Each structure stands twice: as C-alpha cells, then as structure tokens.
Amino acid sequence: MTIGQLWEKLVLHHNRLNKDLPRASQDGARLYARSLANRLYDSHTRVYVAEADKEVIGYVLGVVVDLVPEMFEQEGAGFLADIYVDEPYRGHGVGRSLVESLTGWFQQHNVHHFEWHVASSNLEGLAFWRAMNGREMMIRMRADIPQENQDD
C-alpha cells in the first residue's frame, strides 16, 4: 500500500469518528503523496514507514517547528502531523515503533517535546497516546456559525 492510500484510510477513519473533521478531496491521496515527495529533502521533516511482507502498513510524519509565537520563551519543538497503522497490524507495537523512531530523530534535532492532534472521539487513539505518556494540554473546540439565507 502507498502512504497516500494509508493517509486516505486515516481520513476515512476520522470521518467515521466525527463528520465535522475534514474529508479527503477526490484526488487527496495523490496530492498528499506529492506533498510528501516535495518535502523529501527538507531537513525539518521526517517520514518513517513500517512494512510487512514488503508492503507499507503504517507511517508517521513529523516536523521540527516553532510552536509558540516569539513573545514566549523559545524551545525546540516537534509536531507529529500524521500517524496511521493499517487496522490488521494494530496492537502489535507498530505504532509504538514508529513513534520511537520519530522521537529519536527529534532528539537528534535538539527537540525536547512534541505535540500532535487526536480526535476527541478517537478512543483507540487516546488510549494509544496515553500509553505513550501523552497528556492533554489544550482542548480544541468548534462552533458552527448560522448562515443567513442567501436566497433573499
């Protein structure tokens, strides 16, 4: 399987959990793969993949970023942008190995912590991140804005 296809599965998984999360465009998998290809030589970006029987079954994407505006004390930070392990391979340490690989890369870049987003309705994901010593720091919320009738 390609990383683009795994990304598409990740998006579908999130959409099943919460209809308000973004949906993939019709060409989303190809565009995602192209975006990764464009970052291939970016020293602040890293992708690790997991394979089984010569097939990609999972991946993680991380970046070194500035997470706080300049008026705060600065420190090296990482952001885990995406992680996905194909369902039949979950619960076997694949996700943990991917995160540990990315954490090692973050350490080489003098990053002391990293952050990520997880859907509040993703109970499996929340359990995984808690097992990885993750802790909640902020809650991202959303409110819909009523739209005026445009037919007037």
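## Salt bridges

A salt bridge is counted where a side-chain nitrogen of Lys or Arg lies within 4 Å of a carboxyl oxygen of Asp or Glu, and the structure holds six of them. This is a predicted model, in which local features need pLDDT of at least 70 and side-chain atom pairs count only at pLDDT 80 or more, while totals for chains, interfaces and linings use all residues. Residues are numbered from 1 along each chain as its sequence is written, and side-chain values use heavy atoms, with hydrogens and water left out.

One of the six salt bridges joins the side chains of lysine 9 and aspartate 86, at 2.7 Å from N to O. Because lysine 9 lies in helix H1 (residues 3-17) and aspartate 86 in the loop between strand S3 (77-85) and helix H3 (94-108), the pair ties together parts that are 77 residues apart in sequence. Helices (H or I, at least four residues) and strands (E, at least two) are DSSP runs, numbered from the N terminus.

## Exposure of the paired residues

Buried means under 20% relative accessible area, exposed means over 50%, and partly exposed lies in between, with a 1.4 Å probe and protein chains only.

Arginine 90 is partly exposed at 21%, and glutamate 124 is partly exposed at 46%.

Four strands form an open sheet in the order S1-S2-S3-S4, with mixed pairing, where two strands pair if DSSP finds at least two bridges between them. The edge strands, S1 (45-52) and S4 (113-115), each pair on one side only. Strand S2 (residues 55-65) pairs with S3 in the antiparallel sense over eight bridges, and valine 63 has phenylalanine 79 in S3 as its bridge partner.

Helix H1 packs on the sheet and touches S1, S2 and S3, contact being heavy atoms within 4.5 Å. The direction of H1 makes about 80° with that of S2, where axes are lines fitted to C-alpha atoms, for helices over the stretch in contact, and angles run from 0 to 180 degrees between N-to-C directions.
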